Amino acid sequence: MMGTKENAQLNCRTTNSVSVFPKRVLSKINYKKLVRQRLPITTWLPQYTFSTFVQDLIAGLTVAMVEIPQGIAYAAIAGLPPQYGLFSGLADGFIYAILGGCKDINVGPGSLLSLLIQSSVLQAGPQAAILLTFLSGVIVLALGIMQLGFLINFFSYPVITGFINSGVIQIFLGQVINILGLTSKSNGVIDNCSTIVNQIYETRKWDTILGVTSLVALLVLKGVGVFGTLHDRPDWSKRRNLLGKFIFGLYLARSAIILVIGTSIAYYFREDPPFKTAGQVADSFPTLQAPSFSTTFNGTYYSFGDLLSVFNITLMFIPLISILEELTLSKTFSKGKRIDGTQEMIAIGFCNLVGSFVGSMPVTGSFSRSTINHASGVKTV
């Protein structure tokens, strides 16, 4: 009887200690600090002013004019209809504004991520891209919540560098095919080289002229940017400062300028365009719906297990590249300030997770658009 009584007392003390432990832990949490850390918008929103809004609006419009053609181009790289590239910039900006910690970063589709999902899209269709976005978001978010970002350090740097460089080569060859006006459904370097060699005699003259002219114009406008400035210089006259701002404006808006000119030419020749166009783009907002875990494409049914087989190693590389690009950009624009890697991973994870409900491709921080965002004088996330 004594043994039973002692065991009961021991069990009671154990139960009480177990129940007290989480209470002690929870009582030590600074919830106000936690909210500010995990919801950065609560820090800058109360101090937001109208002048700040004007500067953010200018930067936002400038970046948007670049993101629209880039989104269409990245959708083409991924083998998706143009609207998927546009959908990818809708929800992500709002989510990152709430959770993101770096004011300069613009979140959206990228060339490398688009290339990564290409083979899956060509085999299983657009729903494969949306499911990849959802799963990569879940993985990145889980890694961020568990603060396991350090696991990236165990990946071999030469392997990652080789993988990224091979992606750059493949993207370059794919764009050469587009500039020449050729048609190819291939998704490999050797196949793209073969297409260029075998179909070079089918080069479309006006596609090539428009493509090469646009590239030259972009390079020229980028080069003249060194002669301009966004801020007044005391050693320049008033007229020289105005000219400097105008030149710098051309530098920032170079992609938008080429886009407007190209679109105007295409519209003028809309009855019989001499070059290929993006075709019909959906003129409605995406439907809010959960990603499908199965799909039918080209008469073939793919279950969730089948889709995982289609994704293969891509499912590992997409979260990896997303985290690497985001953290690299955060360090680039931090100007020596401490970067909360966990918060950036949580932000990117949520961007992909929520984006998958509006038909988004995988997204992460964009170096080119973030640079434009920074140069345009953005003040807040």
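Across the protein chain, pLDDT averages 80, and 84% of the residues score at least 70. Please keep in mind that this is a predicted model. Here is a short tour of its confidence, its helices, one of its pockets and its aromatic pairs.

**Confidence**
- Among the elements of the protein chain, helix α8 has the highest mean pLDDT, at 92, while helix α1 (residues 2–27) has the lowest, at 53.
- A word of care for helix α1, given its mean of 53: where pLDDT is low, predicted coordinates should not be read in detail.

**Helix α8**
- Helix α8 covers residues 126–145, which makes 20 residues.
- From first C-alpha to last, helix α8 reaches 29 Å, close to the 28 Å expected at 1.5 Å a residue.
- Just after α8 comes Q147, which takes a positive phi of about 55 degrees.

**Annotated transmembrane regions**
- The unreviewed UniProt entry lists residues 128–152, 159–180, 209–230, 242–269, 301–324 and 345–363 under "transmembrane region".
- In the model, residues 242–269 are 93% helix and 0% strand, with end C-alpha atoms 36 Å apart.
- Residues 301–324 are 79% helix and 8% strand, and here the end C-alpha atoms lie 34 Å apart.

**The second largest pocket**
- This pocket has a volume of about 930 Å³.
- The lining of the second largest pocket is made up of 28 residues, and those nearest its centre are G60, G89, G93, F94 and N106.
- Elements giving two or more residues to that lining are α4 (50–78), α5 (82–87), α6 (91–99) and β1 (106–108).
- Helix α4 gives the most, with 10 residues.
- Sorted by class, the lining of the second largest pocket holds 19 nonpolar, seven polar and two charged residues.

**Aromatic pairs**
- Searching the whole structure turns up eight aromatic pairs.
- One of them joins F248 and Y251: the ring centres are 5.3 Å apart and the planes stand at 45 degrees, so this pair is tilted.
- Both residues sit in helix α12 (residues 238–252), and because F248 and Y251 are three residues apart there, about one helical turn separates them.

Notes: Residues are numbered from 1 along each chain as its sequence is written. This is a predicted model: local features need pLDDT of at least 70, side-chain atom pairs count only at pLDDT 80 or more; totals for chains, interfaces and linings use all residues. Side-chain values use heavy atoms; hydrogens and water are left out. Helices (H or I, at least four residues) and strands (E, at least two) are DSSP runs, numbered from the N terminus. The expected span of a helix is 1.5 Å times one less than its number of residues. UniProt positions are given in the numbering used here, feature names are shortened, and annotations may be inferred rather than shown by experiment. pLDDT is the predictor's confidence in each residue, from 0 to 100. On a 1 Å grid over the protein atoms alone, a cavity is a set of points where a 1.4 Å probe fits but cannot get out, and a pocket is an open set with protein on both sides within 12 Å along at least five of seven lines; lining residues have an atom within 4 Å of a point. Grid points are joined across faces, edges and corners, and a volume is the space filled by probe spheres set on the points. Ala, Val, Leu, Ile, Met, Phe, Trp, Tyr, Cys and Pro count as nonpolar, Asp, Glu, Lys and Arg as charged, and the others, Gly among them, as polar. Rings of Phe, Tyr and Trp (its six-membered ring) pair if their centres lie within 6.5 Å; planes under 30 degrees apart count as stacked, over 60 as edge-to-face and the rest as tilted.
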